[in-house]
Amino acid sequence: MTDSALVRAVRWDTVVGALLLVLLLLSFAFVDGFGNALNLSFLIGSTLPVALIALPMTLLVVSGEIDLSVASTAGLSGAVMGALWNAGMAIETIIPLCLLLGVVCGLVNGLLVTRLGLPSLAVTIGTMAAYRGIAQIVLGSDAVTDFPGRYLDFAAGRIGGSFVPYALPPFLVLLAVAVLVLHATPFGRSLFAIGANEEAARFAGIRVKRHKLWLFTATGLLASATGIFWALHYASARYDNATGLELSVVAAVLLGGISFDGGRGTLGGAVAGVFLLGALQNVMSLLNVSAQSQIVVTGILLVASVLGPRLARRIAAARTARAVRAATALPHAS
Amino acid sequence: MPTPALRPACAALAAAVSLALALTACGGTTKKSVADDDAGAHASHAKADPHAPTKKGLTVAFLPKQVNNPYFTVADKGGEQALKQLGSSYKEVGPNSATDTSGQVSYVNTLTQQQVDGIAVSAQDPGALCTALKQAMKNGIKVVTYDSDTNTGCRDVFVSQAGAEALGRSQVQLLGRQLGYKGEIAILSAAQTATNQNTWIGFMKDELKKPRYKDMKLVTTAYGNDDAQQSFQQTQGLLQEHPRLAGIISPTTVGIKAAAQYLSGSKYKGKVRLTGLGTPDDMRRYVKNGTVDAFELWDPAKLGALAAHASVALSSGQITGRRGETFEAGSLGTFTLGDKGVIDLGAPTVFDRDNIDRYRF
């Protein structure tokens, strides 16, 4: 009895949160150049794009779907932003248009998945290539870098001399919204139900398709917001912006304990996973760990994060079984 | 057609469209209304002292576009050797992919944290590194760009592999000599938008206007997008469309290699002359089998060495990045800073059958 309570208390997402805390404390104490405001702002700034997409991705994965086209959507938004800027359009018009484009990209994914009943993995692998291709057609091999200084400063600057990038408060607002939606609304709870058993959820009266369409659309929107942020943060709109970002997001979400079978996970875990990977990367760079070794470390961590919870569950199950066997065996022995 | 599930999405879409259109009507910040705030933003007020002693014990980090790329490995080795001779230390960091701009930015940030004395960087993108490099300069780090520049305000000096003009003109001169200044020629470039390629091609066209080239005619420019397969096909196309083609200039290492590969396997081998910019390792077999007489490139090892010398000269206060300042770069000689802090490595090296085996990169 106490065993299973312990197992329930030591959930994987709390483990990841604790790991993040330990890593931060150790780095503050022992890593040169880690604890100052400038470095912390670098850390947060370079992790924000992953964190931003991780929000809707967590909801999607909880409901048993996935979107691999997010990085391409981000790249496409950046490319369109650059092309329109070159064409002389005002940035205040370009940004809403790009967000709209993200909505359309997300809608296309959502409609293909919900209307045609195709698996989201296949659909979004396809649109991943398609959106990236369109981005290349739109902008070619051009790099647009001359966005207005105010916007660049917002995306890359920090508030005063503190460690807080300007972009962090808006992200925190989005995070709060996502947490509320997933963990405190009927919509959020129904996502867990859909992820756990879609058929049962449908019979329970949950409008599965509509929920999923909303999720894909929101993912597209945030992916294009990420693309805009990326282009401004790095002062560079190129068709290949954010290449491979989808893998970082998926990795971080996985590390945060979101089960890819659907139906299980928390946003806290996902965000802890995102920042654990980000901080680890920052620390390893400061310690002169080569890029290749960093990839190996990240990979091992991911395998462990998939194995960890499963192993824990299996051990717990084995213990309960043994306890039950012992309980039933005892009377015979006496 | 709109199902219940679609209706809210459509409403949101419509709202966003009208919002965007409303904003257009209000005007706003456009490309035209933004002045180039980078131009000359980095005005150093320090005074250069060419006789200041050369500092020792500095740390200079090389940040190439891509680590484990043979070209940059040779360039950075040149930098390492020069730093060793100067009594300073060298390190190299960089991304695995030549288009990972965010990776390059985080390396600049890391080096800023590590308080190195100088960064020698080959920028993947002229704007992307700016914020990070300015941050580094604010923290007292000297920034040298080599091989590929950033916007002028984001570094102290740029070590250029060779003047664009020298490179452009010398390729035409090289081909002219091989052809006896007679016949139709074509250019096989990289991407249609590549700035450096287009600058070189501009100088090539200007060189061709000289009376000496009156019997040489540029018939077309093809684009292989720095893709081996596309460049190969473009070469094939050029020769089919222009049966009287006598020579090809390919000012890109990928293009010239692909063109050489096509020529060496075709009936045009030894008849159609090929020159341009290539690396000795890529081109060795085509020079030896008679497909190519001579081609050129700067020596990347010297480029790296000059970047190292420039970095140490900046840290020692011998130069500050202004036009007309001079500094000693060991066995490479004395260099003078040009406009916008550009330092030219000098004329490119021509590789042919006689000297190609002396170069390994």
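**Exercise 1.** Leaving aside neighbours within four places in sequence, find which residues Arg169(B) is in contact with.

*Solution.* Keep in mind that this is a predicted model. Once the close sequence neighbours are set aside, Arg169(B) touches Phe203(B), Asp206(B), Glu207(B) and Lys210(B). For a distance, take Lys205(B), 36 residues apart from Arg169(B) along the chain; their C-alpha atoms are separated by 8.5 Å. Last, check accessibility: Arg169(B) has a relative accessible area of 14%, and the cut-off for buried is under 20%, so Arg169(B) counts as buried.

**Exercise 2.** Work out how the axes of helix H4 (residues 70-86) and helix H5 (residues 91-116) of chain A cross.

*Solution.* Start with the axes: they come within 9 Å and cross at roughly 150 degrees. Angles over 145 degrees count as roughly antiparallel, so that is the label for H4(A) and H5(A). The crossing of H4(A) and H5(A) is right-handed. By class, their contact has 11 nonpolar, three polar and no charged residues.

**Exercise 3.** Check whether the span of helix H3 (residues 101-113) of chain B agrees with its 13 residues, then look at burial.

*Solution.* At 1.5 Å a residue, H3(B) should span 18 Å, and its end C-alpha atoms are 19 Å apart, which agrees. Now burial: 12 of the 13 residues are buried, so H3(B) is largely enclosed by the rest of the structure. Among them are Val105(B), Tyr107(B) and Leu111(B). Just after H3(B), Gln115(B) takes a positive phi of about 55 degrees.

Definitions and conventions. Residues numbered from 1 in each chain as written. Chains lettered and ligands numbered in written order. Predicted model: local features only at pLDDT ≥ 70, side-chain atom pairs only at ≥ 80, totals over all residues. Heavy atoms only, no water. Axes fitted to C-alpha atoms, helices over the stretch in contact; angles between N-to-C directions. Helix = DSSP H or I, 4+ residues; strand = E, 2+ residues; numbered from the N terminus. Parallel < 35°, antiparallel > 145°, perpendicular 65-115°, else oblique. Left-handed = near helix turned anticlockwise from the far one by under 90°. Nonpolar A, V, L, I, M, F, W, Y, C, P; charged D, E, K, R; others polar. Expected span 1.5 Å × (residues − 1). Buried < 20%, exposed > 50% of the residue type's maximum accessible area, 1.4 Å probe, protein only. Contact = heavy atoms within 4.5 Å.
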